[in-house]
Amino acid sequence: KGKKKDLQTWGWSGGGRKVRACDVFPGGNEGALVVGAASLRTEVVVVRYCRFAATAWGGESPRAGGGRQGARTAPEMRRRRLEEGVLGDAVAEASDDGAGGYGMIEPLDPQTRKRGGFPREHTRCGAVAMKCGMTRLWDSNGVGVPLTVLWLDENKVVQVKTEDKEGFYAVQVGAGSRRRKRLNNALVGHFEKHLGKPEVSRKVAEFKVTESCLLQGGDAINADHFVVGQLVDVQGTTRGKGFAGGMKRHGMKGGPASHGTTKAHRTIGSTGQCQDPGKVFKGKKMPGRMGGKTCTQQRLLVYKVDPVHNLVYVKGQVPGGKGSYVKIFDSKIAFQDVALPYPTRPEGDRMLEVTVAPASTKNNPFER
């Protein structure tokens, strides 16, 4: 993010070895961080003044002295970057006010937010929930609201992926639990490596996040991670319906019900043209296997949050049947009208009461 005057092209003769982007070469008190490198040329673009580059790996190159010996965990690296001023001012202010870099993502002005597009500064982690079924609640106007009950069953962070090691920032979240006797050693070893104990989750999902929203391994994600009034996306696997015909699968009209139709009442009809082109085009809607695919319901309203029982009530339906696991995360195609805690709600600020969204002003039967 430096200006042109802070960049310089240097010639690097490292014994004929190739250099990669983001390699660190300490030089004196400042050091140099490679931000772009060619595999065949010896010229690399470096940042001239970068204090973090000299201290990121304990004062030595990641390739010198047996690899990344100075590598730290994600929270330690994030704390060091806060001290060095690498992260933004908003994150630093939140770290000073809160504990461990906690803050709130404030909603944008409804009058001007469409001009700047969706905010991408903070991308929070999602959660893995079990679909318990559907119910209905009535608001203060007497209007029934269809709700889907989602249970966050022992959500915890299993693995934290960083850009220095995996090339991107992500958080792996696990839900539920499984018995040790039903697992292989490879799966148990994965949890022991990142959590330090053989507590294997039944369902694991990964969410890409920004650096400001990284969590630590073993951190719990509860129902109060989501706020009443926000919009979320819920992703799951639809119910499998087996081999279905064109009328059920695609909503086709079918043939005439009487008057000359013989054994063709539910057929799809013609599937193409004549000798030219002489084939059926790919993607033609035909009978086939229906359901059992990944589906995402977008812009669902969080109507009620029950932190006591770890339940989240969303308005509308979500894919899958009762007992199936779904992924719930902040909506990617909608602006939020409420403030959201990031990276999650701290333990000292946990919610202990059930919150319900207010009645909609658009469905008030007394003002129609």
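Phe-335 counts as buried, at 17% relative accessibility. Here buried means under 20% relative accessible area, exposed means over 50%, and partly exposed lies in between, with a 1.4 Å probe and protein chains only. Phe-118, by contrast, is partly exposed, with a relative accessible area of 33%.

Before I continue, please note that this is a predicted model, in which local features need pLDDT of at least 70, side-chain atom pairs count only at pLDDT 80 or more, and totals for chains, interfaces and linings use all residues. Residues are numbered from 1 along each chain as its sequence is written, and side-chain values use heavy atoms, with hydrogens and water left out.

How many aromatic pairs does the count come to? The count comes to 2 aromatic pairs. The rule takes rings of Phe, Tyr and Trp (for Trp, its six-membered ring) with centres within 6.5 Å; planes under 30 degrees apart are stacked, over 60 edge-to-face, and the rest tilted. Phe-118 and Phe-335 form a tilted pair, 4.7 Å centre to centre with 35 degrees between the planes. Phe-118 lies in the loop between α4 (113–116) and β6 (127–138), and Phe-335 in the loop between β16 (325–330) and β17, so the pair ties together parts that are 217 residues apart in sequence. Helices (H or I, at least four residues) and strands (E, at least two) are DSSP runs, numbered from the N terminus. The chain has 6 helices and 18 strands.

Let us turn to strand β16, where Asp-330 lies. Asp-330 counts as buried, because its relative accessibility is 15%. Its side chain is joined to that of Arg-124 by a polar contact of 2.8 Å. A polar contact is a pair of N or O atoms within 3.5 Å; within protein, one must be able to donate a hydrogen and the other to accept it, and residues adjacent in sequence count only if both atoms are side-chain atoms. The C-alpha atoms of Asp-330 and Asp-233 are separated by 6.0 Å, although the two residues are 97 residues apart along the chain.

Arg-345 is placed in the loop between β17 (340–342) and β18 (355–356), and counts as buried at 14% relative accessibility. A polar atom of its side chain lies 3.1 Å from the backbone oxygen of Asp-224.

Finally, some backbone details. Most residues other than glycine have a negative phi, and most peptide bonds are trans. In the loop between β17 and β18 lies Pro-343, and a cis peptide bond joins Tyr-342 to Pro-343, with omega about -5 degrees. The peptide bond from Asp-276 to Pro-277 is also cis, with omega near 15 degrees. Glu-154, which is not a glycine, has a positive phi of about 50 degrees; Glu-154 is exposed, with a relative accessible area of 51%. Asn-310 has a positive phi as well, near 60 degrees, but counts as buried at 15% relative accessibility.
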